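Subject: Structure for your review

Dear colleague,

Please find below the sequence and the structure that I am handing over to you. My findings follow directly after them.

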Amino acid sequence: QVISDFDMTLSRFGCNGRRCPTSHNILDTSRVISEDGKRKLKDLLHYYYPIEIDPNRTLEEKRPLMVEWWTKAHELLVQQKIHKGDIAQIVRESEAMLRYGHEMWWDGFKEFFDQLHKNNVPLFIFSAGIGDILEEIIRQANVFYSNVNVVSNYMDFNDDGVLTHFKGPLIHTYNKNNTVLQGTGYFQQLSTRTSIILLGDSMGDLTMADGVPSVENILKIGFLNDKVEERRGKYLDSFDIVLESDETLDVVNGILRHILTE
């Protein structure tokens, strides 16, 4: 089975010399958010993101601060009275991009999703982003296949289709483990899938396979997108393969091709 983060792992970190949007960014910067809301969300990002990626802070220090950030951001979004019907258009108008291949822009993510689907390999996407947005990105890319399962922060809309709150439990960068998977039973159904490829771009992604009942082989591939020099040591200690500033899925697809054609 493949267990993967979404933002900056399956989606790109940079496009045309600037940052690509995450599923949160797509919503935060869209036309459905007021100028005041945009400013407040940006302030939160500038305050909390450096904490999230600070290699000198412990996870214990970071966790409560991440909960604080996500909670404040979700509260701000709820105040915006976002409509369910606007989501597809917001994604269409955004600069969201999935990782590409070296030959053609679509052959990265497309080959990745296609290979897994054709070979009946379950893909579990574990995201601290916004589930409604990332599902829409995958849907618009025409790769939302039946083998794809997503656990993320989902919006809850009232009968008029207006966002009223986010469904729990809250998933942030540093609690991607059993604590938020209680009752999903997803990994239990896949108890025979004891070989795992894990894809992530954050130290918090290393715990994503914690719910798997029996792991025989696990290959951890890390995308090191940002602050490469200061974070390299930590990533090399933790991931089996570290891809520095690589916007493609070429390495992952090469490994999958090798395994699946054996």
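**Salt bridges**

Glu247 and Arg99 form a salt bridge, with 3.9 Å between the closest N and O atoms; the term denotes a side-chain nitrogen of Lys or Arg within 4 Å of a carboxyl oxygen of Asp or Glu. Glu247 sits in the loop between strand S10 (241-244) and helix H9 (250-260), and Arg99 in the loop between helix H4 (87-93) and helix H5 (109-118), so the pair ties together parts that are 148 residues apart in sequence. Helices (H or I, at least four residues) and strands (E, at least two) are DSSP runs, numbered from the N terminus. Glu247 is buried at 16% relative accessibility, and Arg99 is buried at 0%. Here buried means under 20% relative accessible area, exposed over 50%, and partly exposed in between (1.4 Å probe, protein chains only).

Please note that the model is predicted: local features need pLDDT of at least 70, side-chain atom pairs count only at pLDDT 80 or more, and totals for chains, interfaces and linings use all residues. Residues are numbered from 1 along each chain as its sequence is written, and side-chain values use heavy atoms, with hydrogens and water left out.

Across the whole structure, the search finds 19 salt bridges. One of them joins the side chains of Glu35 and Lys38 at 3.8 Å, N to O. These two residues are three apart in helix H2 (residues 35-53), which means that about one helical turn separates Glu35 from Lys38. Glu35 is exposed, at 61% relative accessibility, whereas Lys38 is partly exposed, at 22%. Another salt bridge links the side chains of Arg57 and Asp54 (3.5 Å, N to O); Arg57 is partly exposed, with a relative accessible area of 32%.

**The loop around Gly204**

Gly204 belongs to the loop between strand S8 (195-200) and strand S9 (217-224). Gly204 is buried, its relative accessible area being 4%. Leaving aside residues up to four places away in sequence, Gly204 touches Thr173, Tyr174 and Lys176, where contact means heavy atoms within 4.5 Å. Asn175 is 29 residues from Gly204 along the chain, and their C-alpha atoms are separated by 7.1 Å.

**Helix H6**

Helix H6 (residues 131-140) is largely enclosed by the rest of the structure, because eight of its ten residues are buried. Among the buried residues of H6 are Ile133, Leu134, Glu135 and Glu136. Their cover includes helix H1 (23-28), H4, H5, strand S4 (123-130), strand S5 (148-153) and strand S6 (155-157). Just after H6, Asn142 adopts a positive phi of about 60 degrees.

**The largest pocket**

The largest pocket has a volume of about 970 Å³. On a 1 Å grid over the protein atoms alone, a pocket is an open set of points where a 1.4 Å probe fits, with protein on both sides within 12 Å along at least five of seven lines; lining residues have an atom within 4 Å of a point. Grid points are joined across faces, edges and corners, and the volume is the space filled by probe spheres set on the points.

Of the 36 residues that line the largest pocket, Arg19, Thr22, Asn25, Leu45 and Trp69 lie nearest its centre. The elements giving two or more residues to this lining are H1, H2, helix H3 (59-79) and S4. H2 supplies the largest share, nine residues.

Yours sincerely
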